[in-house]
Amino acid sequence: MEEFRTLVLYRSRHGSTKKYAQWIGDALNADVMEAGKKDFSNWSYLMTRYDMVIFGGNINERGINGIKEYKAALIKNPIENYAFFCVGSYPASQETVNEHLTGNFNESERENTKLFYFRGRLDYIGLGFIEKRMMGGLMKAIEKKYPEDRTEAESEILEAYYDDVDWSDKDTIEPLVNYVKSFMTKEQLEALEPVAAAKIAERNRIEAEEEAAWEAEMKRREALYYENEAKKEEEKLKMMSKKQRDYYLARKKAEQAAAEEEEDRAVLSGEEGPADDYSEHND
């Protein structure tokens with residue numbers, strides 16, 4: 001039995017597309033390769049050695065990252081079986097798929113293009129200048145709407161705008177994985193199953209270790225922050241006279257009591273506290 005060979009080529013800006021490429025690679029026992037511009041001749045030639053090629057890229061201001069090179073590769077080295085996936089911050093839906101299909105492929109290309117969409121991460125701080133400008137304009141347009149007029153997606157994006165939110169979900173790759181599997185024979189599928197299961201288990205182990213290490217690092221940073229703040233407070237008190245110190249400590253105690261009282265009132269009334277006024281935030 002001849003092995004069904006799959007190649008996953010990806011172009012990633014903030015890491016979400018790379019993560020999806022790795023998940024897809026594990027599920028299909030595929031080779032995964034970053035499709036760099038400088039390596040165009042290399043990967044565009046190598047892809048002809050595979051039974052299926054999957055092209056992936058994040059959504060940016062120009063469309064799907066890498067789409068120009070992917071199309072050029074298919075013209076230079078035509079292959080029979082291929083599919084695309086893209087990663088963005090909006091919720092996955094057929095409407096979203098159609099939007100990116102129309103925006104990145106002309107009418108004749110769409111006839112032979114299978115596109116999948118996955119939701120990734122929104123990290124405003126990590127965006128480039130142009131991306132921040134575009135995202136800022138979108139946020140202002142959403143903010144101008146009354147809350148009841150915003151779509152669920154717009155509300156989620158607005159909430160995540162000032163935070164680092166990751167919606168990546170490995171379960172969402174199943175339609176793409178099943179699409180590729182539809183090209184395999186029964187024997188190839190049977191051979192794939194144990195290998196893919198082992199790779200997925202190893203990936204889960206690595207991700208769990210990375211998550212635990214990240215949480216430990218965040219706790220370490222938090223503890224260090226409070227330790228430094230305590231030292232600053234101690235030095236500040238040393239510089240005060242007894243009268244100033246007594247006044248300062250009494251004021252802090254009163255402020256803390258007022259804050260706790262307000263928090264108790266909010267809990268009793270069923271409120272979650274004052275809502276953020278996003279209109280005061282700049283791009």
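The buried residues of α8 are covered by elements that include β1, α1, β3, β5 and β6; buried denotes under 20% relative accessible area, exposed over 50% and partly exposed in between, with a 1.4 Å probe and protein chains only. Helices (H or I, at least four residues) and strands (E, at least two) are DSSP runs numbered from the N terminus. The model is predicted: local features require pLDDT of at least 70 and side-chain atom pairs count only at pLDDT 80 or more, whereas totals for chains, interfaces and linings use all residues. Residues are numbered from 1 along each chain as its sequence is written, and side-chain values use heavy atoms, with hydrogens and water left out.

Within α8, the residues Leu176, Val177 and Val180 are buried. They lie on the same side of α8 because they cover an arc of only 100° around the axis, the arc being that of the directions from the helix axis to the C-beta atoms.

The largest nonpolar core comprises 24 residues, and Ile24, Ile54, Phe85 and Phe118 have the most contacts inside it. Such a core is a set of buried Ala, Val, Leu, Ile, Met, Phe, Trp, Tyr and Cys residues joined through side-chain atoms within 4.5 Å. At least two residues of this core come from each of β1, α1, β3, β5, β6, α8 and α9, and α1 gives the most, with six. Beyond neighbours within four places in sequence, Ile24 is in contact (heavy atoms within 4.5 Å) with Val8, Ile54, Phe85, Phe118, Ile173 and Leu176.

Threonine 17 is also found in α1, and its relative accessibility of 1% makes it buried. Its side chain reaches the backbone nitrogen of asparagine 58 at 3.3 Å.

Key:
Polar contact = N/O pair within 3.5 Å; in protein donor to acceptor, adjacent residues only side chain to side chain.
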